Amino acid sequence: PEDCTYWICAFATNPWHATADMADGPPDSSLRRAIENTEGTVMLLDDKATAHTRIWCSFEMLISLTTRHGHASHLVDVYTVCADGK
């Protein structure tokens, strides 16, 4: 929908300054607050689902799947492209 906000980490956080943001721990991070203030999260997967091997991606999905911050539900969209481009 046109009026729906999504969390896309690649556009929303600076990985070079992640340590400073996490000083008080992941539950108090701007990453968690940002996800809670969106209506959905988009996960992009490669053909090996590499994102599932990264702790931050797992944390984002945990927050996305458990948050209801002002919304009836939190949308989670997963997209993938296989190695052959299909």
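Phe59 is buried, with a relative accessible area of 14%; buried means under 20% relative accessible area, exposed over 50%, and partly exposed in between, using a 1.4 Å probe and protein chains only. This is a predicted model, where local features need pLDDT of at least 70 and side-chain atom pairs count only at pLDDT 80 or more, while totals for chains, interfaces and linings use all residues. Residues are numbered from 1 along each chain as its sequence is written, and side-chain values use heavy atoms, with hydrogens and water left out.

Let's step back to the whole chain. The protein chain has 4 helices and 3 strands, arranged along the sequence as β-α-α-α-β-α-β. Helices (H or I, at least four residues) and strands (E, at least two) are DSSP runs, numbered from the N terminus. Of its 86 residues, 27% count as buried. The accessible surface of the protein chain is about 6100 Å², and carbon and sulfur atoms hold 59% of this surface; such areas come from the Shrake-Rupley method with a 1.4 Å probe, and for residues only the protein chains shown count as cover. A contact means heavy atoms within 4.5 Å. Among contacts between residues at least 6 apart in sequence, 72% join residues at least 24 apart.

Back to Phe59 and its ring partner. By the rule for rings of Phe, Tyr and Trp (its six-membered ring), centres must lie within 6.5 Å, and planes under 30 degrees apart count as stacked, over 60 as edge-to-face and the rest as tilted. The count comes to 1 aromatic pair. The rings of Trp56 and Phe59 have centres 6.1 Å apart and planes at 85°, so this pair is edge-to-face. Trp56 and Phe59 are 3 residues apart in helix α4, about one helical turn.

The helix itself gives a handy geometry check. The buried residues of α4 are Cys57, Phe59, Glu60, Met61, Ile63 and Ser64.

Arg32 lies in helix α3 (residues 30–36).

Here are some accessibilities side by side:

| Residue | Relative accessible area | Class |
|---|---|---|
| Arg32 | 17% | buried |
| Ala49 | 24% | partly exposed |
| Trp56 | 40% | partly exposed |
| Cys82 | 41% | partly exposed |

Next, the core. A nonpolar core is a set of buried Ala, Val, Leu, Ile, Met, Phe, Trp, Tyr and Cys residues joined through side-chain atoms within 4.5 Å. The largest one has 5 residues: Met43, Leu45, Ala51, Cys57 and Met61. Strand β2 (40–45) and helix α4 (55–66) each supply at least two residues of this core. Leu45 touches Ala51, His52, Val78, Tyr79, Thr80 and Val81, leaving aside residues up to four places away in sequence. Cys82 sits in the segment after β3 (75–80). Leu45 and Cys82 are 37 residues apart in sequence but 8.8 Å apart in space, C-alpha to C-alpha.

One backbone detail is worth a look. Most residues other than glycine have a negative phi. Ala49, in the loop between β2 and α4, has a positive phi of about 55° although it is not a glycine.
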